[in-house]
Amino acid sequence: MGQCVTKCKNPTSSLGSKSGEKDAGKKKGGGTGGVHKEEVCGKSSADLIFNGTKVSEVTMESAVAPPTSAGDVLRELPTQDAEGLSLARIEDMFLHYKDEHEDAILEEGMERFCNDLCVDPAEFKVLVLAWKFQAATMCKFTRREFVDGCRAIHADSIQGICSRFSVLLEESRGEESFKDLYRFTFQFGLDAEQGQRSLQRSIAIALWRLVFTLDTPPVLEHWLDFLSENLCGVRGISRDTWNMFLNFTQSIGQDLSNYSEDEAWPSLFDSFVEWETERRRRERLDGVDAGSGEGDFTETACNTDCVGTSMWAGP
């Protein structure tokens, strides 16, 4: 952050010496002596007051009181907000991690920031922090996002942010808060510079795992397996599909028995339910086959044991 230091010349001392000479002349000469001295200077008192330039220059310059250093300017600004947070400390923290060429914390600075917080950049805590900072892009905090975010979570230091994590995580588990976090995550995953309107399949899968870190729906892993296996059928995840999946996990039972294709679900959900139903049917068949084999083995073992027992039992 650049500093502007204004160098200025204070003419007060030169004005004081002229005033001193004039006052001394009046005391010594009483009348004509003083006037004669002012006329020798080439100016009358009227000239100095109305026509001279020096008095006006002094008046103009002395009316401006420029700061002597950038520190004076900073001291004039408020150092704390209404809640007692140090705005200067937040600003210093941002400057410590910001990029050299852009007024934002970018990937390299984000890694150092996460290291100092003792968190992994791909950790759920970082997603929650980005949510509270209302970050528009992954791996980037603008100055405004960082400063406003720190104020939102009531922290002005690394230690302060760390101490707030437990509160933030608990807040994220609230129904309305999680819904807001969930919808934020979709926007957060988009590449705004490229004007993306849907998430890449791989990015969506990673973000679904991340956002459901604390409370994982039973159907989640099967849903993600379905997306991974259907490489041709699933190219991207739209905002509607993303948002509706949260409703799906909350309203459809684990056995999918209350799912109806007649309801206004995205067509991708219809395909998933068909895929999952078939998977479970095969799983049951495999279980039956495995159970049949295990039953035959048990019966054979039992017969062997019986024969062995009769041999040792005697007549």
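Helices (H or I, at least four residues) and strands (E, at least two) are taken here as DSSP runs, numbered from the N terminus. The structure is a predicted model, in which local features need pLDDT of at least 70 and side-chain atom pairs count only at pLDDT 80 or more, while totals for chains, interfaces and linings use all residues. Residues are numbered from 1 along each chain as its sequence is written, and side-chain values use heavy atoms, with hydrogens and water left out.

**Aromatic residues of helix α14**

Phe245 and Phe248 lie three residues apart in helix α14, and are therefore separated by about one helical turn. Rings of Phe, Tyr and Trp (its six-membered ring) pair if their centres lie within 6.5 Å; planes under 30 degrees apart count as stacked, over 60 as edge-to-face and the rest as tilted. By this rule the count comes to 32 aromatic pairs. Phe245 and Phe248 form a stacked pair, because their ring centres are 6.2 Å apart and their planes stand at 15°. Buried denotes under 20% relative accessible area, exposed over 50%, and partly exposed in between (1.4 Å probe, protein chains only). Phe245 is buried, at a relative accessible area of 0%, and Phe248 is buried at 3%.

Phe245 also pairs edge-to-face with Phe269, at 6.3 Å centre to centre and 85° between the planes. This pair links distant parts of the chain, since Phe245 belongs to helix α14 and Phe269 to helix α15 (residues 267-313), 24 residues apart. Both Phe245 and Phe269 are buried.

Not counting residues up to four places away in sequence, Thr241 touches Pro266, Leu268 and Phe269, contact meaning heavy atoms within 4.5 Å.

In helix α13 (residues 220-229), the residues Leu220, Trp223, Leu224, Phe226 and Leu227 are buried. Seen down the axis of α13, its buried residues fall within an arc of 155°, so they line one face of the helix. The arc is that of the directions from the helix axis to the C-beta atoms.

**Leu117 and the cysteines**

Leu117 is placed in helix α7 (residues 107-117) and is buried, with a relative accessible area of 4%. Leaving aside neighbours within four places in sequence, Leu117 is in contact with Leu129, Ile158, Ile161, Cys162 and Phe165. The C-alpha atoms of Leu117 and Cys162 are separated by 6.3 Å, although the two residues are 45 apart along the chain.

The structure holds zero disulfides (pairs of cysteine sulfur atoms within 2.5 Å). For Cys162, the nearest cysteine sulfur is that of Cys118, 6.1 Å away. Cys162 counts as partly exposed at 30% relative accessibility, whereas Cys150 is buried at 0%.

Most residues other than glycine have a negative phi.
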